[in-house]
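Me: I have a model open and would like to go through it with you. Could we take it topic by topic?

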Amino acid sequence: AVAYDVVNGRQHGEDHHHPELKPNHAADEAFHAGGIGLANTSIDPVTGEPDAAGMEGFVGGMIGLQFRMMVIFTVLATVYYVVCHATIGKSPGKMALGLKVVRADGDKLGWSQALKRAIPYPAAYIVPGVGGLIALLNGLWPLWDQNRQSLGDKIAGTLVVFDED
C-alpha cells in the first residue's frame, strides 16, 4: 500500500512504478515527535479519502499544539503583568493612560500582590468553559464596583489610580 504525505506531497511505502521512492520513517518520526502529528496524515490513493488513523493523529496533534501554545502564552502574559506591576507599578498601557497599580493603602505593590492580582489572567485562558466568563467579569467589574476594582484587584487588595509622578 502507498500512503501520500499531504504535507510534503510525497508517497510513502512501496511504489512499484518508482522504486527509488523509499519511505523516510526517520523524518516522519522526527516531525511527529515535534507534537504536530502531520506526518501521519495520509490519503488513500485509490479512494482519495483521508486515512482515519492519520486524521486522528493530525487532529490530536493540533489540539496538543493549541494547548501547548495556550499554556505558553498564558505563562508569558502572567509573568509580563506580574513583573511590570511589581517593579514599576504599571504596564506600558497603564503608562500611556497615566495610571498605576498600588496597594489599597497607597504603597507600592510587592511581588506577592502582583501575583495575586494576576490570578484571573491564567484562569481566564486555562479554565475550560468558564474562562471567557472570568475574563469578561474581570474586565467589566470596575464599572459597577464602588472602588473601581477588578476581580484581580479585589483578590490582591490593590487599586488602579492616576499616576501623579
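Me: Among contacts between residues at least 6 apart in sequence, what share joins residues at least 24 apart?
Reply: In this predicted model, 46% of the contacts between residues at least 6 apart in sequence join residues at least 24 apart.

Me: How many helices and strands are there?
Reply: The protein contains seven helices and five strands. Their order along the sequence is β-β-α-β-α-α-β-α-α-α-α-β.

Me: And what percentage of the residues is buried?
Reply: Of the 165 residues, 26% are buried.

Me: Let us turn to lysine 90. Where is it placed?
Reply: Lysine 90 sits in the loop that runs between helix 2 (52-87) and helix 3 (92-97).

Me: Is lysine 90 buried or exposed, and why?
Reply: Lysine 90 counts as buried because its relative accessibility is 16%, and the cut-off for buried is under 20%.

Me: Which side chain does the side chain of lysine 90 meet in a polar contact?
Reply: The partner is aspartate 163, and the polar contact between the two side chains is 2.2 Å.

Me: What else is lysine 90 in contact with?
Reply: Setting aside neighbours within four places in sequence, lysine 90 is in contact with Cys84, His85, Met95, Leu99, Lys100 and Asp163.

Me: Where does aspartate 163 lie, then?
Reply: Aspartate 163 belongs to the segment after strand 5 (158-162). If residues up to four places away in sequence are not counted, aspartate 163 touches Lys90, Gly98, Leu99 and Lys100.

Me: How far apart are aspartate 163 and glycine 89?
Reply: Aspartate 163 and glycine 89 are 74 residues apart in sequence, and their C-alpha atoms are 9.6 Å apart in space.

Me: Change of topic: aromatics. How many aromatic pairs does a search of the whole structure find?
Reply: The search finds three aromatic pairs. One of them is formed by tyrosine 81 and tyrosine 121, which are stacked at 4.8 Å centre to centre with 10 degrees between the planes.

Me: Which parts of the chain does that pair link?
Reply: The pair links distant parts of the chain, with tyrosine 81 in helix 2 and tyrosine 121 in helix 5 (residues 120-126), 40 residues apart. Tyr80, Tyr81 and Tyr121 together form one aromatic cluster.

Me: Why do tyrosine 81 and tyrosine 121 count as partly exposed?
Reply: Tyrosine 81 counts as partly exposed because its relative accessibility is 25%. Tyrosine 121 is also classed as partly exposed, at 22%.

Me: What about alanine 123: where is it found, and what does it touch?
Reply: Alanine 123 is found in helix 5. Apart from residues up to four places away in sequence, alanine 123 touches Gly131 and Ile134. The C-alpha atoms of alanine 123 and isoleucine 134 are separated by 7.2 Å, and the two residues are 11 apart along the chain. Alanine 123 counts as partly exposed, at 21% relative accessibility.

Me: Now pockets. What is the volume of the largest pocket, and which residues line it?
Reply: The largest pocket has a volume of about 220 Å³. Its lining consists of Arg117, Tyr121, Asn138, Pro142, Arg148, Ser150, Asp153 and Val160. These lining residues divide into three nonpolar, two polar and three charged.

Me: Arginine 148 is in that lining. Where is it placed, and what is its phi?
Reply: Arginine 148 is in the loop between helix 6 (131-140) and helix 7 (151-156). Its phi is positive, about 60 degrees, although arginine 148 is not a glycine.

Key
Residues numbered from 1 in each chain as written. Predicted model: local features only at pLDDT ≥ 70, side-chain atom pairs only at ≥ 80, totals over all residues. Heavy atoms only, no water. Helix = DSSP H or I, 4+ residues; strand = E, 2+ residues; numbered from the N terminus. Buried < 20%, exposed > 50% of the residue type's maximum accessible area, 1.4 Å probe, protein only. Polar contact = N/O pair within 3.5 Å; in protein donor to acceptor, adjacent residues only side chain to side chain. Contact = heavy atoms within 4.5 Å. 1 Å grid on protein atoms, 1.4 Å probe; cavity = no way out; pocket = protein on both sides within 12 Å on 5 of 7 lines; lining within 4 Å. Points joined across faces, edges and corners; volume = space filled by probe spheres on them. Nonpolar A, V, L, I, M, F, W, Y, C, P; charged D, E, K, R; others polar. Phe/Tyr/Trp six-rings, centres within 6.5 Å; stacked < 30°, edge-to-face > 60°.
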